[in-house]
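I opened my notebook to look up a few side chains and rings. Here is what I had on screen.

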Amino acid sequence: MKISINRLKKYIPHTESAEEIGALLTQSGLEVEGIEEFVSVKGGLEGIVIGEVLTCEKHPNADKLSITTVDIGTGISPIVCGAPNVAKGQKVLVATVGAMLYPSTGDSFQIKKAKIRGEVSEGMICAEDELGIGSSHAGIMVLDTDLPNGTPASEFIEIGQDMVLEIGLTPNRADAASHLGVARDLKALLGRDLEIDSAPEFKVEASGPAIQVEVENTADCPRYAGVVITDLKVGPSPTWLQNFLKALDLEPINNVVDITNFILHDLGQPLHAFDAEKISEGKIIVGKLPKDTEFVTLDEKKRKLSGEELMIKDPKGGLCIAGVFGGEGSGVSDSTTSIFLESAYFSPDIVRKGSQFHGLKTDASFRFERGTDPNMPVYALKMAVKLLQETAGGKVSSELIDVYPEPIQDFVIEVNYGHINRLIGKKIEPAQVKSILESLEIKVENETAEGFTATAKPYRVDVTREADIIEEVLRIYGFHNVELSENLRTDYLAEHPVKDLNKLQYRLTEILTGQGYYEMITNSLTKSTYAEKSGFLDPKDNVVIYNKLSEDLDVMRQSLLYSGLEVLARNINRRQTDLKYFEFGTVYHKAEEGYSESKRLSLFLTGKKTAESWLEPTKGFAFADLYSTVEAILEKLNIQPGDLSMVETAPYAYGLKIMLGQKELATIGLLDDKILKQAEVRQEVWYADLNWDLLCKKATGLKKFEEISKFPEVRRDLSLVIDKTISYDQVKSVATKFGGKLLKRIGVFDVYQGDKIDADKKAYALSFYLQDQENTLTDKVIDKTMSKLIQAFEKEVGALIRT
């Protein structure tokens, strides 16, 4: 947000430099991010002087050139001029040798002594556009002035000069989104009175179109004011107004629009001018229009309404998206002679809905979304009318309309002196607290020894609690004035999160890249046809993009699968067929109660596990390769997986599901050919989908490593004959449960199915590794542990122990 120092001086006269003002504002919470000098004419016309043409003759070697001699005050300069209107006796503006010119169009250039068609030229007689003060190039500027020759041009042409502050406005300080708002802070910081003009009174001067106002829902629009102005002459704004807008990087348009912009940046109150002749039946209605109604905005774009945005309309249709953007059909043009000037207070929620839906961020919506001053509309309207009368010859042609059925009340807050001193960390005398608050226009009433009642005006949308009042005291008192005590302390210790989720993700990224995986980041937008043809995603859950860029990017993804497969397809088509990829990404779903999003981790394996070599045959990736990666992830996060079950439904040809309690933690498997065809992948792909949110929630921190034990590890082997229906994970879970702290790990070194055992049986040859961190294991302890394991296997999975 840009703030003009010149305009601030109208509210708070001061001699402090822009740097000093910037430092004060920054200390109070309005961070000044930069200070720029503004000059309405680039270069400030330095080196340009008033001169007098003494002689003017035709150039002997060029029909369209003239040779002149010009008195520039310091001497007589010969100048070759190509303007058709140059003549003896004229007062003109001359760019002397060495001056830099910044024309309205084209690049800047420096005036040098030169020969033009054989004649010496020491300077340049200038036209408007050559000086950057206008667009005319019909001829040189001929002046009507008695100023002596050699007078700097800046004394003849009014040049606007200003210092401009760039303030990084935080979302809570809606009250400071104007020059008046910043001046209120300066009032408290400098201890000076605020000079603000009283509201001008006006009376009806002429008859004009009668306008009626109807507000359908006062919750959306608590206050709506307006007035009709006729006999307007739309044209350029006065120089001071144009310079003010240019200093704020705004382009002047015409006197009517420029005045509404001036009021917005000066007082923080957005205004909107409607061409009164274009308002059907003389009626303004503040309400909503049906969903999908077409509306053309001032930028000539046709938009479909959501049905939730607030509209300014007439009986025939929409005129303006309230608080956001005007409509093309009701805007002010050069032929406009009468306007209806609107000044309102809209609900921040309703304006934000309209702004977000249409992707329109305007100066008006910026302020309405954060909360404007409900007491400002009428004052701002009167100030605008005064300016319109002065600059556009307008006449008031209606009584002032002000629909304000339920005035918004001030914020009343109870404040305790003890809380002020405790939170600030320093005792501030009650008299100083009162002085600071009253300088910020916050009333202090019902004072006692313990505290007081503070009353803040409704434009201070960020001051609604006791803590807010204390913050106001501190920022004006000065953070730098609160000394640090020798013994730092606090009244409250916050609970810091044990888990650093970014660290978890970073560590897992290190593990995966260490295993040869490459990370990918894919687009969250995808094709709706994927869900329709997937067999496992519900198209009804698609989050549809309203303003879609293309048919191929019309929904938010429900799964990381297809965006990952597109990456695989692109690489495979370029003969990169051996791939290991992973991605941390967000997926999106639509539900009855609204929208939801969650984080997932996807893994992809395809192609050959090892490169071609004469030493050993190449092998393709297998289920075990992907499962071992998932195991490594779970181990790193200290997560013990729950039940496992087979998966033979889309998107897998076959796979495994890992549960954690009642929630699905991960699925791992070989992708079905139908899924691969959708993404045009023509080779086997192993895929794992992990619930990253659940992983983060259940992780007990990154696994910590200990010093290698000084005591030896012992191995014991068992052979278990079990039913084919019993999985290895069931066996492993029994061992983990009953093996105690001595059991460090389990291995499978043989699996047998054949004629030596029953057809419905299988045999696992397992190795058990036992170790004590503090003692050498004895045979007695080892035998006791193994006996316990044998009994558990017999009881839990019906195992037959073979020796």
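What joins the side chains of N542 and Q558? I found a polar contact of 2.7 Å. The term means a pair of N or O atoms within 3.5 Å; within protein, one must be able to donate a hydrogen and the other to accept it, and residues adjacent in sequence count only if both atoms are side-chain atoms.

Notes on the source. The model is predicted, so I kept to its limits: local features need pLDDT of at least 70, side-chain atom pairs count only at pLDDT 80 or more, and totals for chains, interfaces and linings use all residues. Residues are numbered from 1 along each chain as its sequence is written, and side-chain values use heavy atoms, with hydrogens and water left out.

Entry: N542. I located N542 in the loop between α14 and β31. Helices (H or I, at least four residues) and strands (E, at least two) are DSSP runs, numbered from the N terminus. N542 counts as buried because its relative accessibility is 7%. Buried means under 20% relative accessible area, exposed over 50%, and partly exposed in between (1.4 Å probe, protein chains only). Leaving out residues up to four places away in sequence, I listed what N542 touches: S528, A531, V555, M556, Q558 and K590. Contact here means heavy atoms within 4.5 Å.

Entry: aromatic pairs. Rings of Phe, Tyr and Trp (its six-membered ring) pair if their centres lie within 6.5 Å; planes under 30 degrees apart count as stacked, over 60 as edge-to-face and the rest as tilted. The count comes to 15 aromatic pairs. I looked at F357 and Y546: their ring centres are 5.5 Å apart and their planes stand at 55°, so this pair is tilted. The two are 189 residues apart, with F357 in helix α7 (residues 348–358) and Y546 in the loop between β31 (543–544) and β32 (555–556). F357 is partly exposed at 26% relative accessibility, whereas Y546 is exposed at 58%.

Next I checked Y530 and Y562. This pair is stacked, at 4.2 Å centre to centre and 5° between the planes. Y530 lies in helix α14 (residues 528–534) and Y562 in helix α15 (residues 561–572), so the pair ties together parts 32 residues apart in sequence. Both Y530 and Y562 are buried. I also noted a cluster: ring pairs link F623, Y627, Y654 and W686.

Entry: charge over ring. The charged end of R184 sits over the ring of Y459, 4.0 Å from its centre. The rule wants NZ of Lys or CZ of Arg within 6 Å of the ring centre and within 35 degrees of the ring normal. R370 lies over the face of F366, at 3.9 Å from the ring centre.
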